[in-house]
Amino acid sequence: MSKRLFKNGQIASEDSPKLIESDVLVDDGKITQIARGISADGAEEIDCSGCVLMPSMFDGHVHAREPGEDHKETIESCSEAAINGGVTGLILMPNTLPAIDNGNLIQSVLDIAAEKSRIPILQAGCITKNRAGEELAGIAGMAAKGAPVLTDDGNPVDSPVVLRRAIEYAMDFDLPLASHCETKSLSGKGAMNEGAVSYRLGLPGMPAMSEEICLERDIRIAQYTGGHIHIQHVSTAIGMNAIRRAKEDGIRVTCEVAPHHLIFNQEDIGNYDANFKMNPPLRTEEDNEALLQGLIEGVFDVIATDHAPHTHFEKANDFGSAPFGITGLETAVVSLYHHYIRNGRFGWDLLVKRYSAEPRRLAKADPIAINEGFDADFIVFETNATTEFSLEFMRSKSGNTPFIDKTLNGQIRKVVRHDALLLDR
Amino acid sequence: MSKKDDEPIPPSKKDLLDIASLSVEEIEYLLKSAGPFKELFKRSIKKVPALRGKSVLNLFYEPSTRTSSSFEVAAKRMSADVTNLSVSQSSVVKGESVLDTVDTLQAMKTDYIVIRHKAAGIPNLLANHTRASILNAGDGFHAHPTQALLDAFTFREVIPESRGKRIVIVGDILHSRVARSTSTIFNKLGVEVAVLGPGPLIPPGRNDFIKRLSSWEDVFDWKPDAVYLLRVQMERQDEQFFPSLTEYHKVYGLTSERFKTLASEGTYLMHPGPVNRGVEIVDEAMLYEKSLINQQVENGIAVRMAALYWLKPGTEEK
């Protein structure tokens with residue numbers, strides 16, 4: 001039981017780009033008062049001058065690597081990384097070893113999370129058994145254990161008829177299917193976006209159409225069946241515009257964008273830096289700009305990082321052999337502030353809406369907001385401070401991020417959840 | 001000869017990874033300094049003591065006869081101690097195990113490592129990892145800088161005023177590190193480069209950085225000073241890029257008829273070897289008086305000596 005008074009902060013919400021200067025009183029884990037000049041007896045006062053208070057983030061696309069690859073990450077280290085980045089809710093992807101393709105496996109993850117994680121965790125289930133794209137996974141069992149979404153993430157469901165049956169069946173449980181869009185025969189052994197840069201580096205390329213063809217197919221299947229398809233980590237302008245048109249046509253499609261696809265492009269790979277290798281790959285500068293516009297215009301429902309830890313040893317390989325994926329939980333909020341909010345490309349409301357409120361709604365998680373009567377679940381973010389993303393800073397077991405050893409503007413000072421100060425620096 | 005003789009020697013680099021990272025001055029210097037090394041070959045004693053007491057490691061993860069022996073001869077003519085290591089040639093040798101191997105070899109205090117590997121970027125990885133000078137002898141589709149140097153040197157031998165001259169590269173442009181490095185060096189030296197090859201073997205998408213010709217008729221119309229045939233590498237192709245070798249020869253190969261036209265124009269003929277007779281090149285063209293293919297091999301030793309002479313290993317182990 002504690003009472004905390006957050007003084008002189010600026011409160012952000014999803015409803016308006018304007019920040020509201022106010023004190024926030026948290027009593028016994030609940031926000032009891034929001035007003036200027038609050039004084040409360042016995043409350044611990046926390047000075048938030050120069051800080052923005054915003055609802056904590058929710059990341060719907062995270063790889064915690066447990067079970068099976070806990071040398072890269074565990075549910076515990078993943079949840080601590082999330083807290084370090086101001087994220088207090090996660091959906092874990094099911095492409096672990098073994099793949100999470102039945103209710104018992106979901107329960108086993110939730111049991112670990114209950115013991116090891118200081119934030120709530122949801123576990124997505126597979127669409128097909130062992131993500132092989134052939135037989136449907138135990139969907140009813142996974143739905144019963146609270147899976148918010150089904151996905152074979154990392155793999156597309158190659159067969160259109162399997163995807164069709166899956167989406168039709170999942171509708172009975174009100175579950176969306178999340179799709180990693182890729183036409184494997186077109187991507188081949190590709191390690192990066194196909195184009196002038198892959199040619200120059202002599203690396204096999206993955207053409208943008210590999211993603212776009214699968215994306216168009218999945219949308220068409222959603223249209224035909226009436227099911228809900230969620231397109232993961234959209235990386236191309238053409239793909240995004242296909243989703244935009246589908247939404248205008250009333251098709252049940254939602255989608256996400258990853259910060260790295262906004263901030264970086266193929267030129268950043270430079271001298272074969274595998275911290276810029278992920279799937280879908282970094283595309284072009286024009287795609288960066290188009291995706292950013294799409295985010296501002298509301299094409300993207302959510303921001304999600306596709307947090308994908310790999311060890312230094314694995315990433316210190318030649319670019320073609322290094323595994324796909326970069327971490328994102330610890331860098332997302334600061335990097336989005338640094339690149340876009342700081343210079344007015346978009347407002348705080350966009351960040352709160354797309355990385356906190358909307359992902360919670362999609363996952364049917366309890367809504368949070370900095371409002372009287374709500375549970376406390378917010379970040380204190382200091383705009384004039386900086387964050388150095390050193391290995392020491394990271395709480396993930398892996399440091400495979402393009403931001404490693406970079407210093408960016410903005411710093412997450414506190415993460416408050418209910419009665420706990422999950423992060424305090 | 002020219003004022004170039006007075007130009008200062010560009011500061012040595014540690015590594016030779018690709019042509020793109022060399023300045024025109026550095027390229028000119030390497031080409032110029034290869035000349036005297038080639039002169040040595042006419043003497044009864046072909047050795048110079050420049051690298052006496054230094055060690056060169058030839059680390060080949062891909063089969064190679066020409067390039068590995070050329071580097072070996074070059075290093076020995078510089079009086080270096082040479083160790084040849086043909087490591088497992090399976091495709092599963094990844095960068096991490098290459099680094100492990102190099103860590104082991106550090107104990108030998110090697111000064112120069114010549115590396116060939118299937119994966120693009122491995123030489124860059126090694127260069128950041130070791131004090132030894134890295135000489136890229138071919139990495140995946142990426143680069144083959146000493147091949148490019150010997151090509152430019154050979155071209156200059158027969159066409160000394162090369163600026164504004166033309167060369168056409170024919171074959172698998174997409175998967176060829178030779179095409180990349182050689183077109184880069186010719187571009188830097190002011191030689192115009194065009195390519196001819198099957199559509200699927202031309203870099204896809206917005207490839208306006210490459211001048212593409214669409215047939216041998218186009219090639220002859222363009223009046224190149226040299227035609228550079230690439231080896232058609234069936235072993236690289238795990239997917240099908242053209243219907244058959246026979247069809248390749250008919251459409252893109254130097255057939256008897258095309259060879260006659262080429263010879264009548266007096267166009268020089270180049271090839272990085274080894275050739276596939278009857279595929280990219282017809283038999284009789286091998287005896288063509290303006291074929292530079294054997295000259296390329298000889299010059300390979302000279303430019304590799306020049307490269308070894310110019311590079312300077314680092315001082316600290318990494």
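A helix axis here is a line fitted to C-alpha atoms over the stretch in contact, and the angle between two axes runs from 0 to 180 degrees between their N-to-C directions. With that in hand, let's tour this predicted model.

**Stop 1: two helices in chain B.** Select residues 24-40 of chain B, which form helix α1, and residues 293-310 of chain B, which form helix α10. Their axes are 8 Å apart, and the helices pack at an angle of about 115 degrees. Angles of 65 to 115 degrees count as roughly perpendicular, so α1(B) and α10(B) are roughly perpendicular to each other. Look at how they pass: α1(B) makes a right-handed crossing with α10(B).

**Stop 2: two cis peptide bonds.** Most peptide bonds are trans. Now stay in chain B and pick B:G273 and B:P274, which are joined by a cis bond with omega near -10 degrees. You will find B:P274 in the loop between β8 (268-270) and α10 of chain B. Next, move to A:L97 and A:P98, whose peptide bond is also cis, with omega about 0 degrees. A:P98 sits in the loop between β7 (87-92) and α2 (103-116) of chain A.

**Stop 3: positive phi values.** Most residues other than glycine have a negative phi. Select A:R65, where phi is near 70 degrees, in the loop between β6 (57-62) and α1 (75-84) of chain A. Is A:R65 buried or exposed? Its relative accessibility is 7%, so A:R65 counts as buried. Then try A:N130, with a positive phi of about 55 degrees. A:N130 is exposed, at 53% relative accessible area.

**Stop 4: a surface patch.** Finish with A:L136, A:Y169 and A:F173, which make a nonpolar patch of about 230 Å².

Methods. Residues are numbered from 1 along each chain as its sequence is written. Chains are lettered from A and ligands numbered from 1 in the order in which they are written. This is a predicted model: local features need pLDDT of at least 70, side-chain atom pairs count only at pLDDT 80 or more; totals for chains, interfaces and linings use all residues. Side-chain values use heavy atoms; hydrogens and water are left out. Patches are made of residues with over 30% relative accessible area and no salt bridge: like charges are joined within 9 Å, nonpolar side chains (Val, Leu, Ile, Met, Phe, Trp, Tyr) within 5 Å. Accessible areas come from the Shrake-Rupley method with a 1.4 Å probe; for residues, only the protein chains shown count as cover. A salt bridge is a side-chain nitrogen of Lys or Arg within 4 Å of a carboxyl oxygen of Asp or Glu. Helices (H or I, at least four residues) and strands (E, at least two) are DSSP runs, numbered from the N terminus. Angles under 35 degrees count as roughly parallel, over 145 as roughly antiparallel, 65 to 115 as roughly perpendicular and the rest as oblique. A crossing is left-handed if the near helix is turned anticlockwise from the far one by less than a right angle, and right-handed if clockwise. Buried means under 20% relative accessible area, exposed over 50%, partly exposed in between (1.4 Å probe, protein chains only).
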